[in-house]
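Let's take a walk through this model together. Have the viewer open and follow along.

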Amino acid sequence: MSYEGFLAENRARLLAGLVAAYGPELGQEAAAEAEAYGWQHWDRLQNMDNPTGYLYRVGQSSIRPQMRPTGYLPAKPDDGLPDFEPGLAPALETLSELQRTSVVLVHALGWSLTDAAALLDVDMSTVRTHIQRGLEKLRSALKVEAHVN
Amino acid sequence: MSTDPTTTPSDGSREPADDALLTDLRSFGLTLEADLDTSIRPTATPAAVEAEPRPVAVLSEDRPSDRRRPARTVVWAVAAALLVAAGFGLGAVWRDRSGSIDSVGPADGNTEGGAEEGGLDEDPAEDTPDESAGPDGDDGATPQSVPAGPTEIVDADGEVIVTVDDADSNDPTVDLVVDELLREEALGDMGRDELADLLAAGGLQIETTLDPEVDRQAIASIEELYPNDQGLPSEPGLVVLDNETGAITALSSRDPSWNGLFNEPRMTGTAIKTVVLAQAYLDGFSPNDVVRADGPCSFPVGDDDAEPLTVGGSYGGAQSIEAVTRSSNNCAFVRLGLIVGPERVLELAKALGLTMSLEEDQLVSLPLGVAELSAIEMAGAYATFANDGIFEEPWLVETVLDADGVVLYEHRSEPRRVIDAQTARLVTETLESNVERGTGGDAQLEGGHPAAGKTGTTSTFTDAWFVGYTGQFTAAVWLGQPSDPVDNPNGLASIEIPDWSRFGGGLPAALWGSAMVRLHEDLEPVPFIEPDRVPAALDEAELLEVPGELGPCGNALSEELAESPPTMLVDNDGDGEADCFMLDPTG
């Protein structure tokens with residue numbers, strides 16, 4: 001398969017994962033780095049079982065030094081798009097990266113557990129666990145005003 | 001609006017609030033995409049890499065992970081063996097074990113193989129190999145002598161972990177092995193130096209119980225939950241014991257030089273409370289007995305001049321022993337320790353393999369975990385509760401063979417009963433409730449495997465623990481810094497890791513849970529045995545009294561002391577003025 005063909009099939013998912021992890025701005029940068037890497041190393045990558053997962057990790061590595069601790073996910077709905085809880089983005093940022101990426105890939109962007117697991121190179125049950133824990137944390141964070149610790 | 005994901009978590013755990021959250025997440029996803037020039041959804045048209053728009057993206061087929069597929073060679077070996085067994089009788093298969101499986105062809109083919117093995121006509125019994133044959137000889141000849149040389153320490157699969165060719169080896173695995181060989185007097189009564197020399201030149205083979213698969217699973221969990229790409233100095237480590245045998249099946253950490261830490265004493269923090277708990281149950285207290293849980297609390301220490309021990313981290317009035325375990329309430333446990341007697345707790349700890357030496361004036365604070373213990377010791381103590389009160393010292397050396405393959409030493413189990421089964425089951429019940437509803441919540445396992453355990457957090461945040469067990473395994477997870485840092489005297493508190501990690505209930509518990517889920521994947525759940533019911537032993541009024549307990553702060557207010565941080569001023573009588581102060585353990 002050509003690299004172009006591979007990208008056509010997998011680019012959306014790769015970008016989705018990196019945007020879920022790091023937000024649109026950094027996520028796109030990470031995806032660009034990963035795709036460039038893929039161009040250079042396609043000879044080696046095409047023989048791997050999961051080149052998309054590998055490129056996802058390339059994207060992660062390229063961007064981590066630049067990560068800001070908070071405020072990289074969009075906090076307000078874009079004009080014309082449905083509203084969502086303002087506390088959601090900050091709450092998502094308190095999740096671990098894997099929890100956030102799993103929750104956003106599956107529940108915000110509609111990817112299947114199978115696709116998410118392949119991208120993150122973990123088992124489906126692991127993704128399920130991350131989602132479960134991530135949702136629990138979100139639920140608890142978003143109810144925080146009603147609850148005094 | 002996008003379609004619902006096709007495979008949402010299907011464990012039926014939906015609550016009404018979930019729907020609102022999921023709806024918000026979907027809306028959030030739309031906003032996330034809004035800045036991009038391409039869609040990032042499964043059914044969308046991908047951005048054009050080529051000039052024309054392409055049809056709906058076909059996702060690449062998901063292939064099962066390689067690690068789930070049996071290795072091809074194993075599959076063929078099994079198939080070949082079965083064919084041979086069917087065609088030629090078991091004797092031929094047995095005889096063939098010394099050769100390569102490839103030499104045996106399919107039943108309808110390989111007459112050459114058939115002729116060698118004797119086919120159906122030969123008496124299979126004649127093919128049984130000589131039991132006394134050494135590893136090289138399959139014909140009963142005397143074992144060959146090989147020149148002595150370095151010693152190989154191998155894992156449970158026979159793969160070499162470390163080769164010892166130097167008597168001064170600093171390798172931590174070697175240290176552990178040497179410690180155990182000395183302890184067991186495995187090779188006779190010899191000193192450490194002599195043993196080290198023997199290893200370096202004796203050409204021994206030391207077979208351990210370390211299971212590389214368990215290690216792989218543990219490392220996978222660490223990689224997943226604590227990638228540590230910032231290169232922080234704190235790293236987690238796991239010790240895994242097999243409950244049935246007491247064998248150490250894993251000493252897992254990403255830093256190979258870390259192995260020594262499993263044997264290096266570190267402050268246990270509040271994971272030691274379990275020993276206080278056990279002593280209380282031994283004395284006949286019930287999980288429903290009530291102890292005073294409020295804080296801060298102060299207790300006299302040693303003689304009159306000594307600064308009293310003042311403790312925070314405690315909330316609530318009178319609570320049951322089970323409840324204060326779930327919240328790891330410090331004051332309640334110091335009180336409980338004083339009620340049952342710290343010296344007796346110390347004795348029980350020793351019986352559980354915990355070698356603590358505490359000064360007289362440290363006994364009061366024993367439940368707070370100032371004593372230092374190793375991860376291996378902690379796992380061994382907790383495994384006792386998993387094993388209904390029977391203690392076995394954790395071990396990893398299975399056999400020692402000399403250069404000729406002669407067995408010099410084989411491990412012999414020496415379990416001993418330390419507490420009665422009922423007490424062990426009561427402790428288990430309380431620790432199980434701690435995982436279900438207490439600070440150990442992140443350690444819960446899927447698949448119906450019951451789990452019992454206790455967090456340990458030190459007041460200096462230098463060490464964070466989770467120690468627990470299922471029916472099959474006991475594991476201790478420790479997070480901290482491998483070396484005593486001169487540059488980093490405040491330990492974990494001074495480095496930027498997520499707050500979540502500093503407490504035993506955070507990363508250590510989650511790591512424990514994750515590793516245990518992997519280890520139990522193909523196992524049937526083993527339920528814990530329930531204890532008999534124990535009614536409350538004492539009147540509430542009796543248990544509330546702790547001899548000698550001081551008021552909320554043992555220290556009188558003094559300006560000088562009040563200024564040296566970190567301190568917390570306490571207003572005892574609610575008149576708006578500080579009456580005393582206590583050190584603020586959270587820094």
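What follows goes from confidence to a helix, a sheet and a loop residue.

First, some housekeeping: this is a predicted model, where local features need pLDDT of at least 70, side-chain atom pairs count only at pLDDT 80 or more, and totals for chains, interfaces and linings use all residues. Residues are numbered from 1 along each chain as its sequence is written, chains are lettered from A and ligands numbered from 1 in the order in which they are written, and side-chain values use heavy atoms, with hydrogens and water left out.

Start with chain A. Its mean pLDDT (the predictor's confidence in each residue, from 0 to 100) is 84, and 91% of its residues reach 70 or more.

Now jump to chain B and find helix α10, residues 330-340. Nine of its 11 residues are buried, so the rest of the structure largely encloses it; buried means under 20% relative accessible area, exposed over 50%, and partly exposed in between, using a 1.4 Å probe and protein chains only. Among the buried ones are B:F333, B:V334 and B:L336. The buried residues of α10(B) pack against several elements of chain B, including α8 (273-282), α9 (321-326) and α11 (342-351). Just after α10(B), B:G341 takes a positive phi of about 100 degrees.

Next, the sheet. Five strands of chain B form an open, antiparallel sheet in the order β5-β4-β18-β17-β16, where two strands pair if DSSP finds at least two bridges between them. β5 (248-252) and β16 (452-457) of chain B stand at the edges with a single partner strand each, so one side of each lacks a neighbour in the sheet. Seven bridges join β17 (residues 463-469) of chain B to β18 (residues 473-480) of chain B; B:A464, for instance, has B:L479 in β18(B) as its bridge partner.

Last stop: B:V301, in the loop between β8 and β9 of chain B. B:V301 is buried, with a relative accessible area of 9%. Residues that B:V301 touches include B:P308, B:L309 and B:D361. The C-alpha atoms of B:V301 and B:G548 are separated by 10.0 Å, although these residues are 247 residues apart along the chain.

Conventions. Helices (H or I, at least four residues) and strands (E, at least two) are DSSP runs, numbered from the N terminus. Contact means heavy atoms within 4.5 Å. Lists of a residue's contacts leave out its neighbours within four places in sequence.
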